[in-house]
Every structure is written in structure tokens, then in C-alpha cells.
Amino acid sequence: MKAIIMAGGQGSRLRPLTCDRPKPMVPIMNRPMMEHIVSLLKSYDLKEIGVTLQYLPEQIENYFGDGREFGVNMRYFIEDSPLGTAGSVKNSGSFLDETFIVISGDALTDFDLQKAIEFHRAKGGVATLVLTSVETPLEYGVVIANEEGRITQFLEKPSWGEVFSDTVNTGIYILEPEVLQYVPEGAQFDFAKDLFPLLMQKGYPLYGYVAEGYWCDIGNIEQYHGAHLDILKGTVKVNIQEREQSPGVYVGENVIIEPGAQINAPALIGSGSRIGRGACVDSYTVLGPNTQVEAYASVKRGLIWRNGYIGQRAQIRGAMLCNRVQVMRHSALYEGSVVGDDTTIEENSIIKPNVKIWPHKLVESGSVVSESLIWGAKPAKSLFGFDGISGIVNVEITPELVAKLSVAYGSLLGEGSQVVVSSDDWKASRMLKEAAVSGLLSAGIRVYDLGETVTPITRRAVKELDVKGGIHLQLSREDNTNTKIKFFDSEGLNLAKGWERKIEQAYYREDFKRIKGLEVGETVKLTSFTEKYLQQLLDVLDLQVLKNTQRKVVLAYPTPWLYSLLVPFLQQLNCEVFTISLPAGEPLTMSVLQNHFNEVAEAVTGNGADLGVVMDANAENLVLFDSQGRYVDEDMFMALSSLIIFKANAGGTMAVPITAPGVIEQLAKEHQGRVLRTKTEPRSLMEALSDSKAENMKYDPFTLSFDAIASLGRILEFMASEDVSLATLLDSIPPFFLHKQDVDCSWGVKGAVMRRLIEETQNDDVELVDGVKVRHPQGWALVLPDSERPVYRVYGEGYSTETAEELTDMYAEKIKKIQQELGK
């Protein structure tokens, strides 16, 4: 059997380790990571090896040559441009004339390949995917196989709502040559995204072999460091060439250890190195060949490549140093810091945790480096969450972060593009908006500054001004110390996940264009757009119908900005407006306002009002109270909006998230409408709502769901045109019973819990649009992993409050039980 090593990767997330070398040449235990793969293949007598190359191919060719020195025969196949995983293998041409194994040159594993090969031959299929279980499956292809090992479903890089298993694709495949006939010549084509779905579509059986042992896809700095720790702990079996001088201490040839030096296991010291008197090479340290550690210096959990120099009394703590890095005396480098090739850290300097320094730099004496030089570092978690980017102001969301994010966004859009920017009237939002404007201008973007406004108006401006996108800074819905950054595409919708990933990657690498001063963008102030928006709303509303009936409205707790907008707007809709407010002070989030809903209900009934209105500071969420003081919660509001769409638009379609109550289908059936269920994430719902609006529809489903101001106007118009009260509309909606609860679940077992749930419910009536939704005779339950917190959200709907609670309790207990069985 022949083997193909895919070795064309750049390894951009490993920078600065990969600034001057392809990812497979980054050393692990003083040998290129690809050499460990070659050694593994050789140990299973897989000696005919083809290597696919694209980025800096000469480095790999020069090191491995024809493979003779490593006991194998190697041939190279170079791509002029990236062809994808399957495309690169197809490029190897006639070399693959028999069953072959594909493996990545930039992973670390000790899988028993012979067992995988035997499994493949026993099944007789055209493709076997080698699988393994991981704690966090988001960055991998999730795979589900049946009891016979036949693959039934897989998904590339899912969101948490799409995580159906913790069993993932390792990128190791055993294939028959015939599968390559389905790979186009010279085109970008991937195994998991393109070829495997195509083979399944054509009826070929694909099998998954779950391998035992260690596997790590070394995609980032943390995984790279962790791989070394795992080797030194003995978690993974690799061939360490240095001799074991004492238990856990591996020492190469011609190493000098001076009297008084201390070496603590586990550790590896490369050939030709010298450890000075009184120096300490502490546990979990790897020193490359010809490294010098001077007297009384200390290295703990450090990774130092070849020809490093650590000066007297210098301290290395969990830092990584590339080739020929010099750290002068009394300097210190801390956890997660990475220093590129040929860099000098002069004496008495401090490199703070997680700082990245690109190659060929000089850090002057006495410096304290707290920010990366040239390029930035990746935070521990993803920036984008369920709905934009959230965090504590001036702690997690700083002006520097917002500026850099905006540069990244602007660079991706391209110099000369136009972007709308705005904020709500919270002073922190205004501050951060200025940082966003500065970042965009520095990328050569023309900025339309709406000033202080609300989210729906910014969405409308993006679309009407025909710009490339938008940014809105706003107060968090939940916490008044938190802010939220929302990015919009050219349609005014939340960015797609692919675009969010692009912005994150550009931000992490600081891979954005630095334009000349003469080409910096310009700012255009458009503070009058709010008046235009209001006039457009009045133009589409039937004011004549509204004049026939005056309604009393209690407007509760509006922000000063919303007060100045909503009061005259409601008055033009023939409403008598009563307002109630809280004492001035901290900004009021919707979470805080909910504590005062009883007061709103009393104000509505006490004033004999037709309805009460509460709106969040950014006019995205509308809360109504009917004349009886009944609160219209989120689920009832969806039902109300759906009823209006179905009654006003014959045969209309309403999109709702999978968590919405089933009564919406009842309403659709009654009024010949149609319901489209979507994922819970805002972008999915927005796309579906936008697509569901027909040209002749009087009421826009998107407006009712995401624009509280316009939605309020439309609901008042509908009540007037139908001559009904809000209470009557609510009474026409059949009763429904929903229950929700959260269950704690650590990030490390979320995928495993989902896999077990799917296994346990595979014979039930299951829907996998988002999470796992299981239908029962008495209702349904939905188990949905939260994308931002270590919890599962459990939803249940039943024929009564008790049955809804029973369903959620049942699945909450399942989640807890699975975690107990997993030992978490």
C-alpha cells in the first residue's frame, strides 16, 4: 500500500513559528512534525510515500530528499495554486495505482494504522475515514456512523447548535484509486466538503474507523505547546532519538552540564547544548540543538529551538523561542509568549504572557513588551458569539480591540469601500464608535457616520445607501457593564459565519493592509437619517385608518433618545401617550426593565390604556401589554406576529426559530399560511425572513421580528384596520405551554453529550435543524448547546404546563446522567 502525506499548509495560526517555514517543518521534540509522520508510516511498512506540496516546497524537499535517509522512498507533487485536500491528492497522478492511505504532515498521532487498514479491507468500501473523539469538535468535521461503521452524516466545522457528536474526522483516509475519478483536474476540491458527500450521493458506502490512541491536529500555538507536554508525559508514543540519561531526562550527544546545574524530569536537551552552573532546566522543557543556558538562568515549560541563547539569570516560563533567539541576562519571558527567528531580547526586558514577536526583531534593554510586535495574538476564545461580539467595556472590549477589528473588517471589504457606523446613546458606545471609525478610516474606508441611533435604523441605512456593510455599537441586553458590537453585510443582515471567521483570522494575525496617509478614508456625517427613516414608516402606514380610532398607549421607560422619537411618532398614529420613567442613572438593560413589568401592567390598567409598550435601548425587542395588563412574552409575540402575517397576507410565509411554539403551525393551517423553521442564530432567521417576503405582502415578516419601532406601527395599524384590540388578538391565539431550563455542561464534554443523545434517540422522531429536537406523543423537547456559555439549553412544549416541564426535566436529567457516566 502507498501513502500520501499532505504537506502544503502555511500554518498561519502558528505564526510566528511558521513565518519562514511551512507548517510540516515546525519542530516537535527537535524533529520536523512531518518526520514523526514519516516514522509512523515506516513502522507499518508504508514506505512508498508521495508528498503534496504548495507553500515553500523546497524546504521539505531539501530536508527529506528522496527519503533514503529515513528508510522510505519519497516523491513530491507540487501545486502552483491551492487545490484543496482532494485536489492535491489528485495532482499526484499515476503514483496512486493501488489502495492508498492519506495522512496530514502537520498532525501528531500514534494510531495503529494496521488496524485501520484491516478494517478497510474487511468492509470492502471505497473509502474509510479514521475517526477519533475530541472534547471540543468545533474546528473539525463531525462524523456519525451506524453500528456497522457506515457513515450516515458528517458536517464540516459546525457551530455548537450543529454539534451532533464528539467523533471527528482526523483527515486520515484509506482510499481506493477509483474515488479520484470524481475529483476534477486542476480545481480546488476537498475530501470532506466535496468528495465524500458526492460519493455518498452516488451510493458508495463510506466507513468510519474509530481509532484508539493519540491524535492532535496542531493548528495553533496552544496545541503545539500541548503536544510537547503530552509527549513528555508519555501520553503519546513517539520515537525520541536522544538517549534517556535518567528517568524522563533525554540528552543528545556532546551535551555539557556544568556543576551545580539542575535538570528536572521530564525534559529533553538537544545535542551540542550547554547548561551553565547553577542553571535550572525544569520539567516539561525541550531545548533544541546547540542551545546555551547561562549560569543561574531558569527555563520551565519552555520550548527553545536550535542555537538558542539564554543569558545569566534570565527566566523562561512557558515561552517558545524559535531558531537563534538570544535572551540576554536578567530578562524574563512568560506563559504563551512566542519569539520568532533571529530575534534579540536585550537585558532586563520583560515579555508579558501571550505576546508574539515576529522574526528579526530587536527588543531594547529594559523594555516591557505587553503587546505583540507587528502581529497580534489570538485570544483564548472566539470573538464572535451568538449575536455579534460581547464583553465588558474597557476590559474585554477596549477601544484598541474595536479599532483593530474595524481595520480587519475594512481590509477584507477593500480600500475605497463604504461602511455605515453608528452607536446607541450610551456614552461607552459613543466612545467605542469613534475607535471603529478610526480603524475603518485607516483601512481606506469611506465612513457614513449616523451618530446616535438604534440598530434597525442602521440596518435600513446600510441597505438604502448601497454600502458594503455596517457596524453598530450598543449596550448589552443583559448587563449594563457590557457592550455589543454588531457587524452587518450589504443587506443589513448580521454577518454570515464565514465572514465572522474571516474577520477573526485577520484580527488574530493582524493581516490587514496599511495604506498611505494620503489614501486614508473620509467620514461623512448623516445624522438626519433617523428623520428619513421615520418619514418612510409614516409613508407606508395607512394613517387614514389610524385616524378612525384613538388609542391610549403607556410608553414605559424609554431612553431619552427613544422618548424623543417615539412620542411624536405615536402621536402621528393618533395615540394618546402616557409615559412612565425610572430615576436617571445607569443605563437600563432589558434584564433590568423586566423587574418593573408589574408596574407597567398597573400603569396600563390604571390609566385605562389600550396597550403598554416597553422597548429595549436599541429598538430590537418590543414588549407589549394588553388592556388587561397581560404581558406578551417572546413566544407569544412570535405567535402574534405570525397571526398578523397570515391574516394580512393570504398564503403568507412566516419564518420562526426551531424553539418557537407549535401553535404557529396551527395558525398557519387556519389561515392557509406556511411556516419555515430555522436555526436559532439570528443570521439564519434573518435570511429566512428576508426570503419569505413576497412583493405583494402588506406586512414584512422581517420588520415584525427585528425592528421594534416599525413593528409597533404595523401592529397599531393592523388593530385599527381589523377594528380589534390587542387583548382580542391575543385571545384568538390557542393556548400553548412552553418550558425552558439551562443545564450546566463543561465545554470539554459538550460534543460527547450530544453524540450520546443522538445515539439514545436515533429510533425516535428526531429533527436536527439546530441541536436535537425529539417529538413525543405529549409534545416535543429540544436540547441545544449554548454557543457562548458552558450550558445546554433545554426547551419543552406539551399539552399542559406540567407536561412541558416533564419533558424538559427528562432531558435535563439525561444530560446530567451522561456527564456523570463520562466522569465530568
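Visitor: Which residues is Tyr284 in contact with, leaving aside its neighbours within four places in sequence?
Guide: Tyr284 touches Leu229, Leu232, Lys233, Pro266, Arg301 and Gly302 once those sequence neighbours are set aside. Contact here means heavy atoms within 4.5 Å. Keep in mind that this is a predicted model, where local features need pLDDT of at least 70, side-chain atom pairs count only at pLDDT 80 or more, and totals for chains, interfaces and linings use all residues. Residues are numbered from 1 along each chain as its sequence is written, and side-chain values use heavy atoms, with hydrogens and water left out.

Visitor: OK, where is Tyr284 found?
Guide: Tyr284 lies in the loop between β20 (280–281) and β21 (285–287). Strands are DSSP runs of E with at least two residues, helices are runs of H or I with at least four, and both are numbered from the N terminus.

Visitor: Switching to His120: buried or exposed?
Guide: His120 is buried, at a relative accessible area of 2%. His120 is in helix α4 (residues 113–123). Leaving aside neighbours within four places in sequence, His120 is in contact with Thr99, Gly125, Val126, Ala127, Thr128, Ile174 and Glu176.

Visitor: Let's do helices. How many residues has α11?
Guide: Helix α11 (residues 529–540) has 12 residues. From first C-alpha to last, α11 reaches 17 Å, close to the 16 Å expected at 1.5 Å a residue. The expected span is 1.5 Å times one less than the number of residues.

Visitor: Which residues of α11 are buried?
Guide: Phe529, Thr530, Tyr533, Leu534, Leu537 and Leu538 are the buried ones in α11. Their cover includes β38 (446–452), α9 (455–464), α12 (543–547), α13 (560–572) and α20 (708–722).

Visitor: How do α11 and α20 cross?
Guide: Their axes come within 11 Å and cross at roughly 20 degrees. Axes are lines fitted to C-alpha atoms, for helices over the stretch in contact, and angles run from 0 to 180 degrees between N-to-C directions. So α11 and α20 are roughly parallel to each other; angles under 35 degrees count as roughly parallel, over 145 as roughly antiparallel, 65 to 115 as roughly perpendicular and the rest as oblique. Tyr533, Leu537 and Val540 of α11 make the contact with Ile709, Ala710, Arg714 and Glu717 of α20.

Visitor: What about α13 and α20?
Guide: The axes of α13 and α20 come within 12 Å, crossing at roughly 20 degrees. That makes α13 roughly parallel to α20. On the α13 side, Leu565, Leu566, Phe569 and Leu570 make the contact, and on the α20 side Ile709, Leu712, Gly713 and Leu716.

Visitor: Now strands. How many residues of β53 are buried?
Guide: Eight of the eight residues of strand β53 (residues 791–798) are buried, and β53 is mostly covered. Val791, Arg793, Tyr795 and Glu797 point one way from β53, while Tyr792, Val794, Gly796 and Gly798 point the other way.

Visitor: Which way do β49 and β53 pair?
Guide: Strand β49 (residues 737–744) and β53 pair in the antiparallel sense over eight bridges. Two strands pair if DSSP finds at least two bridges between them. Lys740 stands opposite Tyr795 in β53.

Visitor: And how many bridges join β52 to β53?
Guide: Seven bridges join strand β52 (residues 779–785) to β53, and the two run antiparallel. Trp780 stands opposite Glu797 in β53. β52 and β53 form a hairpin with five residues between them.

Visitor: What order do the strands take in the open sheet of seven?
Guide: The order is β16-β19-β22-β25-β28-β31-β34, with parallel pairing. The edge strands are β16 (256–257) and β34 (362–363), each pairing on one side only. Within that order, two bridges join β22 (residues 292–293) to β25 (residues 309–310), and Val293 has Ile310 as its bridge partner in β25.

Key:
Buried < 20%, exposed > 50% of the residue type's maximum accessible area, 1.4 Å probe, protein only.
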